[in-house]
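Here is a friendly walk through a structure, told as questions and answers. Shall we take a look together?

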Amino acid sequence: MINVLFFGMIKDMTGNSGIEINGVSDTNELIHQLNSMFPKLTESVYVVAVNRDVIQGNTQLRQDAEVALLPPFSGG
Amino acid sequence: MSEIKKSKLFVVGAISPVFIADSIAKHSSKTNIGAHSIFLGQVRDDIIGGQKVTLIEYSSYEEMALEKMHEIRESIFGKYELTCMHVYHSLGKVPAGGISLFVFTSSGHRRAAIDACCEVVERIKKELPVWGKEFFGDHQYSWKQNTND
């Protein structure tokens, strides 16, 4: 079970702070599935963090992974 | 105790000026310090669609923010000769005019404190997973965007 977390405007857009997803083995498959669940996600700007580290490119996922979709930061 | 530790980062609501003054006062016993540098971020009443921003509501991916802040802290201590460093960021609602970010660096001589303080502020803006929701008018809001200035 992969724990997916949404933040900022992506949390607004999905109407959820997070969901659990089964049956995906990497971040490309996960994003593909999320895009079909939340079509507006394809228009959103974000980076992906796996277990709290921002990743570049497709990344293998363990079944206990925590994946977060992070829109542009605006702290301070 | 080492100053490089996972210290408290988030404060609920605005950071009070009294808390900032107390933080300065606490350093009077550290007599090897010769310079402090302080950055304070204040919520600005930007105009959005003709209406003034009344408050910003901050949210964060807190576990990641704490890990990232620890990483920033370690790299800053590795690069500058600091005596100590304290960083506080607001979560939740901060009204226009309230302080939402407090960065405080101290060193023996001024250059390290000043340069470290600037670098920490820039890295927080770029790397810390924090989002600001700007409220204006009658319950309307938009997501804040950081600029490079």
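This is a predicted model: local features need pLDDT of at least 70, side-chain atom pairs count only at pLDDT 80 or more; totals for chains, interfaces and linings use all residues.

Q: Which residue forms a salt bridge with B:Asp45, and how far apart are the closest N and O atoms?
A: A salt bridge is counted when a side-chain nitrogen of Lys or Arg is within 4 Å of a carboxyl oxygen of Asp or Glu. For B:Asp45 the partner is B:Lys52, with the closest N and O atoms at 3.5 Å.

Q: Which helices of chain B hold B:Lys79 and B:Glu119, the two ends of another salt bridge?
A: Here the closest N and O atoms are 2.8 Å apart. B:Lys79 counts as exposed at 54% relative accessibility, whereas B:Glu119 is buried at 18%. The pair links distant parts of the chain, 40 residues apart, and the helices are H2 for B:Lys79 and H3 for B:Glu119.

Q: Which residues of H3(B) are buried?
A: H3(B) has 18 residues and reaches 26 Å from its first C-alpha to its last, close to the 26 Å expected at 1.5 Å a residue. What covers its buried residues includes strand E2 (35-42), H2, E5 and E6 of chain B. The buried residues themselves are B:Ala112, B:Ala113, B:Ala116, B:Cys117, B:Glu119, B:Val120, B:Val121, B:Arg123 and B:Ile124.

Q: Which residues are linked with B:Arg123 in a network of salt bridges?
A: B:Arg123 is one of the buried residues of H3(B). The network links B:Arg123 with B:Lys68, B:Glu71 and B:Glu127.

Q: Which residues have the most contacts inside the largest nonpolar core?
A: In soluble globular proteins, nonpolar side chains tend to be buried together. The largest nonpolar core here has 27 residues, and those with the most contacts inside it are B:Met69 and B:Val87.

Q: Which element supplies the largest share of this core?
A: Strand E4 (51-60), helix H2 (62-79), strand E5 (82-95), strand E6 (99-107) and helix H3 (110-127) of chain B each supply at least two of the core's residues. The largest share, six residues, comes from H3(B).

Q: Which residues in chain B lose the most area to chain A?
A: The area buried between the two chains is about 1700 Å², with 56% from carbon and sulfur atoms. The contact takes 23 residues from chain B and 17 residues from chain A. Together 41% of what the chain B side buries comes from B:Tyr61, B:Trp131 and B:Trp143.

Q: Which residue of chain B forms a salt bridge with A:Arg52?
A: The rule finds one salt bridge across the interface of chain B and chain A. The closest N and O atoms of this pair are 2.8 Å apart, and the partner of A:Arg52 is B:Glu67.

Q: How many residues apart in sequence are the parts tied together by A:Arg52 and A:Glu66?
A: These two form a salt bridge as well, with the closest N and O atoms 3.2 Å apart. A:Arg52 lies in the loop between strand E3 (47-50) and strand E4 (53-54) of chain A, and A:Glu66 in strand E5 (residues 66-70), so the parts they tie together are separated in sequence by 14 residues.

Notes: Residues are numbered from 1 along each chain as its sequence is written. Chains are lettered from A and ligands numbered from 1 in the order in which they are written. Side-chain values use heavy atoms; hydrogens and water are left out. A nonpolar core is a set of buried Ala, Val, Leu, Ile, Met, Phe, Trp, Tyr and Cys residues joined through side-chain atoms within 4.5 Å. Buried means under 20% relative accessible area, exposed over 50%, partly exposed in between (1.4 Å probe, protein chains only). Helices (H or I, at least four residues) and strands (E, at least two) are DSSP runs, numbered from the N terminus. The expected span of a helix is 1.5 Å times one less than its number of residues. Contact means heavy atoms within 4.5 Å. Buried area is the accessible area (1.4 Å probe) that two parts lose on being put together, summed over both.
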